[in-house]
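Morning, everyone. I'll take the sheet, then the salt bridges. Please have a look at the model.

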Amino acid sequence: MIRVHHLEKSRSHRILWLLEALELEYDIEVYQRDPKTQQAPDALKKVHPLGKSPVITDGELIVAESGAIIDYLVNRYGKGRFQPSAEDSNEWVNYRYWMHYAEGSLMPLLVMGLIFSQIPKQSPWFVRPIAQGISGTVQKRFLQPQLKQHLGMIESHLKAHGNFAGEFPSGADVQMSFPMQAVAATQSLDAFPAITAFVARIQQDPAWQRVVERAGPLTMPGE
């Protein structure tokens, strides 16, 4: 039996989505974040040394990192579904690009944005105005322009293809779901209708709706 070690307000919702899409049986063990630090509990370190989520166990096997988990589940249980065939070289390369891009390029920007937004809140009152100034400058001069550039690229791809690779939902769609939902939850996407449509498509997917029924709606750290 597959067990998902599921941390609230985390990227593990997308693993649940894939499991539902694959129609696999699984258990969920839920972990709560520390209300002050928003960090994962030490109990997760008993599963994996880094104490991060998502992590799954499949029998005696432990698999961590979203991309590795998606690759494992798709290749072991997908039966040829959820990823393009290697014979379709262009689409297969496209699939691999988005699988790696999600955590390699896009998520670092989003995490930095979250960290800098929290710095003023976590600072002593007497340095808070300085912290707010530094945070605002970094957001305005670096993070927001970079994110706008990334979203423009993603918008162009989704406008042309509808989803990221293969038939929806592919492993690449699953991998990209969290950053797209995170962006949608934190800022206006009026200028990015294709991204908006992709996020809506996730929410309308029956497999995603089963995740929400079982594990609750996706929320973000800091909410």
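In which sense do S1 and S3 pair, and over how many bridges? They pair in the antiparallel sense, over 4 bridges. Two strands count as paired if DSSP finds at least two bridges between them. Helices (H or I, at least four residues) and strands (E, at least two) are DSSP runs, numbered from the N terminus.

Quick ground rules. This is a predicted model: local features need pLDDT of at least 70, side-chain atom pairs count only at pLDDT 80 or more, and totals for chains, interfaces and linings use all residues. Residues are numbered from 1 along each chain as its sequence is written, and side-chain values use heavy atoms, with hydrogens and water left out.

Back to the sheet. It is open, with 4 strands in the order S2-S1-S3-S4 and mixed pairing. S2 and strand S4 (61–64) are the edge strands, and each pairs on one side only. On average, neighbouring strands of this sheet are turned by 20 degrees against each other, direction ignored. For angles, axes are lines fitted to C-alpha atoms, for helices over the stretch in contact, and values run from 0 to 180 degrees between N-to-C directions.

H1, residues 13–22, lies across S1, S2 and S3. H1 runs at about 150 degrees to S1. Contact here means heavy atoms within 4.5 Å.

Next, salt bridges. The definition is a side-chain nitrogen of Lys or Arg within 4 Å of a carboxyl oxygen of Asp or Glu. How many does a search of the whole structure find? It finds 8.

Take Glu29 and Arg3. Their closest N and O atoms are 3.4 Å apart. Glu29 sits in strand S2 (residues 26–31) and Arg3 in strand S1 (residues 2–7), so the pair ties together parts 26 residues apart in sequence. Asp27 joins them: Arg3, Asp27 and Glu29 are linked in a network of salt bridges.

Accessibility next. Buried means under 20% relative accessible area, exposed over 50%, partly exposed in between (1.4 Å probe, protein chains only). Glu29 is partly exposed at 31%. Arg3 is partly exposed too, at 34%.

Is Asp58 buried or exposed? Buried, at 12%.

Last pair: Lys45 and Asp42, at 3.9 Å, N to O. Lys45 is partly exposed at 48%, while Asp42 is exposed at 57%.
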